[in-house]
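Here are some notes for a colleague who has the coordinates open. They begin with the chain as a whole and then turn to its details.

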Amino acid sequence: MRCSEFRHHYSSFRDGLIADADLLRRLEFHLAECQLCARHHQSVTWGVDLLKDSAGIEPSPDFGHRLRGRLQTLAP
């Protein structure tokens, strides 16, 4: 498997949506053998974990008012 094919299927692989056992085996093998794709997988996993662990973003109390004002200036 080439890296381009791995990346094509990566999102489904990462989300556990690959139903084809042969494709899954090939993706896992490629991940184990390719440092570049392993690094990509590690970076994505780190980012996803970081977002999951974050407390979330709370908008400021006046956000809605400021947003409406900004949108009005953009409307024709």
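What share of the contacts in the protein chain with a separation of 6 or more comes from residues 24 or more positions apart? In this predicted model, such residues account for 51% of those contacts.

1. Overall fold. The protein chain contains four helices and zero strands, and its elements, followed from the N terminus, run α-α-α-α. The radius of gyration is 20 Å, well over the 11 Å that the globule rule gives for 76 residues, so the protein chain is more spread out than a compact globule. Along the principal axes, the C-alpha atoms fill a box of roughly 55 × 30 × 25 Å.

2. Burial and surface. Of the 76 residues in the protein chain, 13% count as buried. The accessible surface of the protein chain comes to about 6,400 Å², and carbon and sulfur atoms make up 56% of that area.

3. The nonpolar core. Which residues form the largest nonpolar core? Its nine residues are Phe6, Tyr10, Phe13, Ile18, Leu23, Leu27, Leu31, Cys34 and Cys37. Helices α1 (3-14) and α2 (21-33) each supply at least two residues of this core.

4. Ile18 and its surroundings. Ile18 is one of the residues of that core, and, when residues up to four places away in sequence are not counted, Ile18 touches His9, Ser12, Phe13, Leu23, Leu24 and Leu27.

5. Aromatic residues. The structure holds three aromatic pairs; among them, Phe6 and Tyr10 form a tilted pair, with 5.6 Å from centre to centre and 45 degrees between the planes. Phe6 and Tyr10 both lie in helix α1, four residues apart, which corresponds to about one turn of the helix, and both are buried.

6. Helix α4. Is helix α4 buried or largely in the open? Of its 12 residues, the number buried is zero, so α4 lies largely in the open. Helix α4 covers residues 63-74 and reaches 17 Å from its first C-alpha to its last, close to the 16 Å expected at 1.5 Å a residue.

Key: Residues are numbered from 1 along each chain as its sequence is written. This is a predicted model: local features need pLDDT of at least 70, side-chain atom pairs count only at pLDDT 80 or more; totals for chains, interfaces and linings use all residues. Side-chain values use heavy atoms; hydrogens and water are left out. A nonpolar core is a set of buried Ala, Val, Leu, Ile, Met, Phe, Trp, Tyr and Cys residues joined through side-chain atoms within 4.5 Å. Buried means under 20% relative accessible area, exposed over 50%, partly exposed in between (1.4 Å probe, protein chains only). Contact means heavy atoms within 4.5 Å. Rings of Phe, Tyr and Trp (its six-membered ring) pair if their centres lie within 6.5 Å; planes under 30 degrees apart count as stacked, over 60 as edge-to-face and the rest as tilted. The radius of gyration is taken over C-alpha atoms; the globule rule is 2.2 Å times the number of residues to the power 0.38. Accessible areas come from the Shrake-Rupley method with a 1.4 Å probe; for residues, only the protein chains shown count as cover. The expected span of a helix is 1.5 Å times one less than its number of residues.
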